[in-house]
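Welcome! Take a moment to look over the sequence and the 3D structure, and then we will walk through them together.

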Amino acid sequence: MGVFEKIAGDDYEQIVYCQDSKVGLKAIIAIHNSALGPATGGCRLWNYRNEEEALTDVLRLAKGMTYKASISDLALGGGKSIIIGDRKSPELLKRFGEFVQTFGGHYITAKDVGIDSADLKLVKSKTPHVLGIEGEANSSGDPSPVTAWGVYQGMRAAAQVALGNSSLKGLHVALQGLGAVNYSLAKYLHAEGAKLSGCDIDKSKAESAHKEFGLNIVRAEEIYDVSVDVFSPGALGAILNSQTIPRLRCKVVAGAANNQLATENDGELLMKRGIFYAPDYAINAGGLINVCHEREGYNKERAWKHVERIFDTIKMVLERSASENKTPSFVANRIAEERVRKAELARK
Ligand code: NAD
């Protein structure tokens, strides 16, 4: 399939292939939409099987960033970059930085899978258009606790709509995964007095959570069967599917994991079961909201307050979903698209 054919209907603004064989760089930078502001999204280093797979991934990720920035009411567009391969050298990363610089700020890069703060420092030696370098002056720090803070706010909003009260005190929450985000989330939930169950394939994490928060450890394959108020996916994608949804015994699904729904139809399945689903890209936007504050001089208090607005976003999405009888994902997408459309009209 040709590239234009592949992007037909989605109107990507720019797809730039970057190559420098001297340093072994093969990268793609995709700008999905910049109507709301500079296209922003991390750089992923991955050993793709072929170029087709790399292109598919960068396009999907860039579009996802447009929706995430838009639903979060940020003055940012959606973009993403990928570097093909499994090795990175200072020369390669600096060369990538030079390509980012050719966009003159129209694309802003950050971390993603395979790229860490030390790598970003090398990228930044060639372009100022980099966000999220931990340990630097003006750094917004580790994104996981603030992502968890956003999920926590979104979970409170979902409880408000589904159960009539935003307090999570006394509610039972099941956490799938107890990694960087969900461990912080467990801390916030425990502090509020929620009862916790959870699992992780890394037993030591589950045991720590048991010791620290009294979390009831569940076997990973049984997490869908626990009778709870809230199920919070914080590990893998595509875990809400035709096999798992019939097993869920909860009123709310609200968690950090990306791409939780295996297919759009799974959003319908959840709705038919009367389960309120907080769309993943809206509830897990805390990291993006936080890092974008670096652009105006990072202030933690201001940034975390901003992240708390995820409460309003999730509440609005779930209320509209209920009143219009459309899935939360459909409603969230429509809100995000509408905001982009208005910005495009204003730009014209
Ligand atoms: P992480 O790698 O720190 O944690 C994931 C945890 O899930 C690990 O402890 C892992 O052992 C566990 N796990 C893997 N497979 C499992 C399974 N089958 N059952 C139970 N546990 C399993 O990752 P993270 O940074 O906490 O991110 C969690 C999710 O949130 C990911 O989907 C990520 O894309 C998404 N997310 C993270 C951020 C962030 O700021 N870190 C932001 C937005 C979205």
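## Around the ligand

Let us start with the ligand, which is surrounded by 19 residues; the closest are Thr 147, Val 181, Asp 200, Lys 205 and Asn 258. A residue counts as near when one of its heavy atoms lies within 4 Å of the molecule.

This is a predicted model, where local features need pLDDT of at least 70 and side-chain atom pairs count only at pLDDT 80 or more, while totals for chains, interfaces and linings use all residues. Residues are numbered from 1 along each chain as its sequence is written, and side-chain values use heavy atoms, leaving out hydrogens and water.

## What the shell is made of

By residue type, the shell holds ten nonpolar, seven polar and two charged residues. Here Ala, Val, Leu, Ile, Met, Phe, Trp, Tyr, Cys and Pro count as nonpolar, Asp, Glu, Lys and Arg as charged, and the others, Gly among them, as polar.

Helices H5 (143–163) and H6 (180–192) each give at least two residues to this shell, and H5 has the largest share, with three. Helices are DSSP runs (H or I, at least four residues), numbered from the N terminus.

Which side chain has a polar atom 2.6 Å from an oxygen atom of the ligand? That is Asp 200. An N or O atom in the side chain of Asn 258 is 2.9 Å from a ligand oxygen, and one in Ser 144 is 3.4 Å from a ligand nitrogen. A polar contact here is a pair of N or O atoms within 3.5 Å.

## Two domains

The chain is divided into domain 1 (3–65 + 75–124) and domain 2 (143–333), with bounds from an automatic or database domain assignment. Their C-alpha centres lie 28 Å apart.

Note on methods: Polar contact = N/O pair within 3.5 Å; in protein donor to acceptor, adjacent residues only side chain to side chain.
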